[in-house]
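Welcome! Take a moment to look over the sequence and the 3D view, and then we will walk through them together.

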Amino acid sequence: MTGLLLLTLRELRARKVVIGLFVIATIVWVALALALQLDVVDGSLAGARLFGEDAINDEAYNAEGVLVDAEGNVVLNDDGEPRRLNDQYPFGSTLLESFVFGAQAFVSGAAYWVGILLALFATGGLVASLTERGQVDVLLTKPLSRSAVLAGRLGGVWLVMLGLVVYLFGAVWLVMSLKSGLWNPRFLLAIPVVFSMFAVMYGVIALVGVWSGSGPLSLMSTLALLFVSLVLAIPELPNQVSQTWRPLVEGAYHVLPKFGNVGVEVVPQLATGQPVAGAYALASSLAFGAICYLAAFILFARKDY
Amino acid sequence: MTDLALQTSSLAKTYGSRQPVHALRPLDLEVARGEVFGLLGPNGAGKTTLVKLLLGLVRPTEGTASVLGAPITEAAARQRAGYLPEGHRFPPFLTARQTLDLLARMAGVSAADRDSRAPRLLDLVRLGGAANRKTGGFSKGMLQRLGIAQALMNSPEIVFLDEPTDGVDPVGRREIRDLIEGLRDDGVTVFLNSHLLSEVERICSRVAILKDGAVVRDGTVDDLTRQGRAWRLVSTPLPAALAARLGDALAPEAETLPGGLVRSLVTVPDRPALNALLDALRAEAVEVEAVEPARQSLEDLFVEVVTADAP
């Protein structure tokens, strides 16, 4: 299996798009390191500049330190009181926490929504290429079980993607922590979540790739499923369909991976320290992924090549 | 240890259920260790299906088979087997040396053995100078030779070669033929699947001809190509009276050879009859230069078999 793992790693390296993903991740944390200037005084954020521009919109607060909107109207908090500077922040209990947590939530969100899509594009053809005539003949006639062959291929993809996520999140976390002095370990919990959801979606690629032998079809199927899961994540959807279709919609919601729910209910909450509401979405998505992989392994073991 | 390199018992493969295609009909086949076995047949006869069954790429519909004593359903059957598939593809981003190293690693070859065998095999297939070149830039002949090298990296006891000379120039073909003969001399069993009948005729000790998924001929090349009790007789011209006496036993056309000799085809029922004929020739002062069993080429036999009606 080690041989196939190495082969996959070399194939990923040969595909420049994977290197491109690492370059993008590097640009993100280097840009953050060079362009973000934080002025922290006694543990409080006195100022923040991104590419030389103020990153905190002081103008949103009037002279009394009350938050106002673009028309100059006072913004109220949940209790109907004017929202004040250092009173209530979207993330965290201080302006510094809010800024750091917010920036980390933005990075984790971008990594989740954009990064996973790019990673799927970069690696989508690898399972199908394994089953191509001429290559599969050589590999399957080695004294390896078919499970080991497929596991070597999937393991290689997982390893690289896990490395990419750890690299991006770790570097961003270090940069933000060193600059702000605020260490937010919960941000790192987004690593397993983002990687797990990539692995779940890759399970679909594995299954369709083994079944059809077509890289484009496996990628398109995965993207289609991802789109469907986003539609199914709309809370009002069951009430907007007829009674006949409602059980199907609700059933599909529970069965299919909940990419949208995890992206909204889990990933940002981990970065901002808020309670995670999407545990079911994550768990049921993992179950779906596990079933996809199981089916892919069974199919690969039984198929004629 | 069994003396058989491979053995099949009613091994069959049928694709589909609604409109079944019998790619291989129940086949009983034995190949001895150290034998160079040739599998012949027209396109779609079931040759590749048989090889894939033996190597576990395809699951049998019925029957059993073993390679080097291990059931084909187990990975152990491939432990000491090498395989050169037809139309193989190697990762174009790897060098020849890396390709051999990775594939041998998958075959369970130790690092020390990989390091020692790879350069030797690359030299053997004339790729020593291209060891560090990426295979993406290789010609078809170079890829074919690299394929042969990878099939030998695990020092196999049996090698399956599917069209090994495909895309290889005449010099390369001869080298591959020499290589196969070298394997045979080392006691390696070779299972050769080729369309180049002259090549098979030269190398193989035994052949089987597949047609429509069934073996229609099986035997040594000598036995299969021998034309019954016909003999080729090289002698001085036969007197007309003797020729008339021989009647149907003498083929009407005789080939004139240099030195005043002719080559005739005579058919006699058995050895005593052949000796009686020779006595008659001598009695008529005919000088005999040579008598040898008449043979048809493997190609002629192949065409005759595959164009004949179904068995």
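## Chain A

Two residues are in contact if their C-beta atoms, placed from the backbone, lie within 7 Å. With that in mind, take the contacts in chain A between residues at least 6 apart in sequence: 68% of them join residues at least 24 apart. Please remember that this is a predicted model.

What is chain A built from? You can find 13 helices and three strands in chain A. Of its 305 residues, 39% are buried.

## Chain B

Chain B has 10 helices and 14 strands. Its C-alpha trace spans about 75 × 50 × 35 Å along its principal axes. Chain B has 311 residues, and 39% of them count as buried. Among its contacts with a separation of 6 or more, 69% are between residues 24 or more positions apart.

## A helix to check by hand

Helix H9 of chain B (residues 271–283) has 13 residues, so at 1.5 Å a residue it should span 18 Å. The C-alpha atoms at its ends are 18 Å apart, which agrees. After H9(B) comes B:Ala285, with a positive phi near 65°.

## Where the chains meet

How many residues does each chain bring to the contact? Chain B gives 23 residues and chain A gives 23 residues. On the side of chain B that touches chain A, helix H2 (residues 96–106) of chain B provides the largest share, four residues. Sorted by class, that side of chain B has 14 nonpolar, five polar and four charged residues.

Notes
Residues numbered from 1 in each chain as written. Chains lettered and ligands numbered in written order. Predicted model: local features only at pLDDT ≥ 70, side-chain atom pairs only at ≥ 80, totals over all residues. Helix = DSSP H or I, 4+ residues; strand = E, 2+ residues; numbered from the N terminus. Nonpolar A, V, L, I, M, F, W, Y, C, P; charged D, E, K, R; others polar. Buried ≥ 20, exposed ≤ 12 C-beta atoms within 10 Å, placed from the backbone. Expected span 1.5 Å × (residues − 1).
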